[in-house]
Amino acid sequence: MKRTYPNIPSIKEDKPLCYWIMMIRAQVRDHNKDNISRTMAYQGFFDLHCEVRWSLLASLVSRNAGWNMTDLKGGILGDLLSRRCRDGLFMTYERANWTIFEDAYPQLLIYHYSVQAGTEMFHLLDEFQVSSFMKTEWTYFWKNGDIDRLVTALIINEQNLIQEPVILDPVYRRVFTSPLFLVEDRLHFSSVLFPTLDGRLYGASVHGFRSLDNRILLGKKLYRILFHSDHFTDIMKWADTVEPRGTRREYAEGTTGTSSPELRSVYDEVLHHLRGKRDWSKDGLVKKEWFDPVDLPSEVEIKSWFVQKEKQLMRMNGLVKWVKKALSLRYSK
């Protein structure tokens, strides 16, 4: 049964500018409450505008963030990390995804209303402090319909958007420089998975997560896997059928015997405040190579690789537990 995702309310064309802005802000607020609402909003938009392929990619990546969040409350990472470290990782995932949605969803809505009105309305992007880079790219897409370029532009924008306020922020930087994160990064545990109903897993991983270039490259690889391979139909059937709840049961239960709770059963809504928002593209930081196409990875079905990496993490967990127990016995004598 195909799952129903949120629709976007219509606005009459004769409404004043302030009404449009108010309506868009309200929709962003309603759908940016947590990982589940973001995931569903992105896919709901794709159901309306399949030409904006980034929205489906964003939904699937958001699902992965949900699983990573609940892994911190159960399974391997729940045992391996201290509560402080787990809370820090959760807030890093949450802040990054909240920040991207706060910027990207107004763009999607403005495109939707432009289509509805039959005329481009990208001047409204200024009201939401969207980068001048994306204002140019939306105008180009409206005129030329270059689907692949728009996806790449949105990937470039989202990763630049979080680079300074999240990845390089002193509060969140402690997470990315922690010993365990560095070990996971070196072993390529940071993966994005696209499941199918029959249990296959497609996807890719990133090494050097703090690198802006590496994250942009990962986004482009994931786009190639999703839309330029033979697996789109199977992945889409899974996305339409399986309700996002932010739990491992959606994609990998049984691979190593690990699981995690549902997101809304363990996390409350986080209230964020938007700090000063800077137009990253005004510093002349756009690299031409960011738009270079990438080849489809030679290995896109990664279930056996993923299971092996999970087993490595389980062995690491066992070693840490053994060391803690040995130290406890030593100092108890």
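This short report looks at a strand hairpin and some aromatic contacts in a predicted model.

Local features here need pLDDT of at least 70, side-chain atom pairs count only at pLDDT 80 or more, and totals for chains, interfaces and linings use all residues. Residues are numbered from 1 along each chain as its sequence is written, and side-chain values use heavy atoms, with hydrogens and water left out.

Let's start with the hairpin. Strands are DSSP runs (E, at least two residues), and helices are runs of H or I of at least four, both numbered from the N terminus. Five of the five residues of strand 1 (residues 191-195) are buried, so the rest of the structure largely encloses this strand; buried means under 20% relative accessible area with a 1.4 Å probe, protein chains only. S191, L193 and P195 point one way, while V192 and F194 point the other. Strand 1 pairs with strand 2 (residues 201-205) in the antiparallel sense over five bridges, where pairing takes at least two DSSP bridges. L193 has G203 as its bridge partner. Five residues lie between the strands, and G199 has a positive phi near 95°.

Now to the rings. The structure holds 17 aromatic pairs, meaning Phe, Tyr or Trp (six-membered ring) centres within 6.5 Å, stacked if the planes are under 30 degrees apart. F101 and Y105 are a stacked pair, 4.7 Å centre to centre with 20° between the planes. Both are buried.

| Charge | Ring | Distance to ring centre |
|---|---|---|
| R149 | Y140 | 5.3 Å |
| R149 | F291 | 4.1 Å |

Technical notes. Buried means under 20% relative accessible area, exposed over 50%, partly exposed in between (1.4 Å probe, protein chains only). Rings of Phe, Tyr and Trp (its six-membered ring) pair if their centres lie within 6.5 Å; planes under 30 degrees apart count as stacked, over 60 as edge-to-face and the rest as tilted. A charge sits over a ring if NZ of Lys or CZ of Arg is within 6 Å of the ring centre and within 35 degrees of the ring normal.
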